[in-house]
Amino acid sequence: MPEGDAVFRSCAQLHRALAGRALTRAELRVPQAATARLVGREVLEVVPRGKHQLTRLSDGLTVHTHLRMDGVWKFAAAGARLPGPAFQIRALLGNQETTAVGLRLGMVDLVRTADEHTLVGHLGPDLLGPDWDAELAVANLLREPERSIGEALLDQRNLAGIGTIYRAESLFAQRVNPRTPAGRVEDLTALVERARTLLSANLEGRWKGTTGSTAPGARRWVYDRAGRPCPRCGTPVACETYGPPTQERLSWWCPRCQPLPPGVEPAGPAPRPRAR
């Protein structure tokens with residue numbers, strides 16, 4: 001699933017293409033909004049909220065979208081052939097110059113701008129947003145001190161925008177085992193600020209990575225590197241699948257650089273065996 005930085009970049013593209021112009025084409029190809037008449041409304045702005053996208057229109061309406069696992073926005077010149085198979089198109093927003101095509105979008109809603117909170121009000125402080133509040137994020141993580149920090153970081157109610165990539169990379173950078181209970185993490189503030197730093201470093205242009213290196217295969221510390229040597233100590237990177245039922249996610253860490261604190265039992269449900 002695209003994480004906060006990818007959603008931020010996508011919103012920036014949409015904003016550049018649509019903001020300040022009236023819609024000459026607007027189709028929301030989902031049952032709950034298929035009959036909406038949006039042509040003629042001006043796009044005021046497109047902003048991210050965690051992993052959600054808010055396209056705000058004149059007259060107080062907002063098109064809310066979420067990329068989920070494989071959604072993407074593509075662009076075509078007005079009047080040109082649209083990208084992607086037609087059956088995958090969930091939204092079309094166009095003006096006299098450009099048409100934005102939302103393919104495989106996981107969520108498409110039309111709400112009054114004043115009611116955006118009904119869709120995103122449950123989210124914690126946005127790591128990349130103007131509402132970022134590290135103190136509140138830490139307090140949210142500590143609401144369930146026995147929950148593993150790996151699970152807690154992915155709960156968007158605690159802080160918004162982080163996913164499995166930045167979870168793995170932030171925990172490695174701070175030498176925290178993902179199974180450590182949130183209440184036993186030595187410096188939660190440093191951890192959430194590290195996540196914010198890593199996300200912020202990838203807001204412009206293409207994804208650059210988390211290590212500072214542009215060499216092939218060296219842009220990540222541990223994410224998706226199971227069995228490969230840890231960049232710090234050479235120990236093979238470990239990987240497991242765990243999390244609440246139906247929300248299990250892959251987790252990567254270095255067993256040597258990220259040990260559990262002394263006397264601490266691993267928090268979280270038993271891991272599911274990885275498919276071979």
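**Exercise 1.** Is D59 buried or exposed, and what is its relative accessible area?

*Solution.* The model is predicted. In it, D59 has a relative accessible area of 60%. Exposed means over 50%, so D59 is exposed.

**Exercise 2.** Identify the salt bridge that joins D59 to R41, and state which parts of the chain it ties together.

*Solution.* Start with the contact: the side chains of D59 and R41 meet in a salt bridge, at 3.4 Å from N to O. Next, place each residue. D59 belongs to the loop between β3 (52-57) and β4 (61-66), and R41 to the loop between β1 (25-28) and β2 (43-49), so the pair ties together parts 18 residues apart in sequence.

**Exercise 3.** Describe the salt bridge between D70 and R104, then the accessibility of each partner.

*Solution.* The closest N and O atoms of D70 and R104 are 3.8 Å apart. This pair links distant parts of the chain, 34 residues apart: D70 is in the loop between β4 and β5 (72-77), while R104 is in the loop between β7 (98-103) and β8 (107-112). For accessibility, D70 is partly exposed at 45%, and R104 is also partly exposed, at 29%.

**Exercise 4.** Examine the salt bridge between D155 and R157, and name the network in which they are linked.

*Solution.* The N to O distance between the side chains of D155 and R157 is 2.7 Å. D155 has 10% relative accessibility; buried means under 20%, so D155 counts as buried. R157, at 48%, is partly exposed. Finally, a network of salt bridges links E144, R147, D155 and R157. The structure holds 13 salt bridges.

Terms used: Residues are numbered from 1 along each chain as its sequence is written. This is a predicted model: local features need pLDDT of at least 70, side-chain atom pairs count only at pLDDT 80 or more; totals for chains, interfaces and linings use all residues. Side-chain values use heavy atoms; hydrogens and water are left out. A salt bridge is a side-chain nitrogen of Lys or Arg within 4 Å of a carboxyl oxygen of Asp or Glu. Helices (H or I, at least four residues) and strands (E, at least two) are DSSP runs, numbered from the N terminus. Buried means under 20% relative accessible area, exposed over 50%, partly exposed in between (1.4 Å probe, protein chains only).
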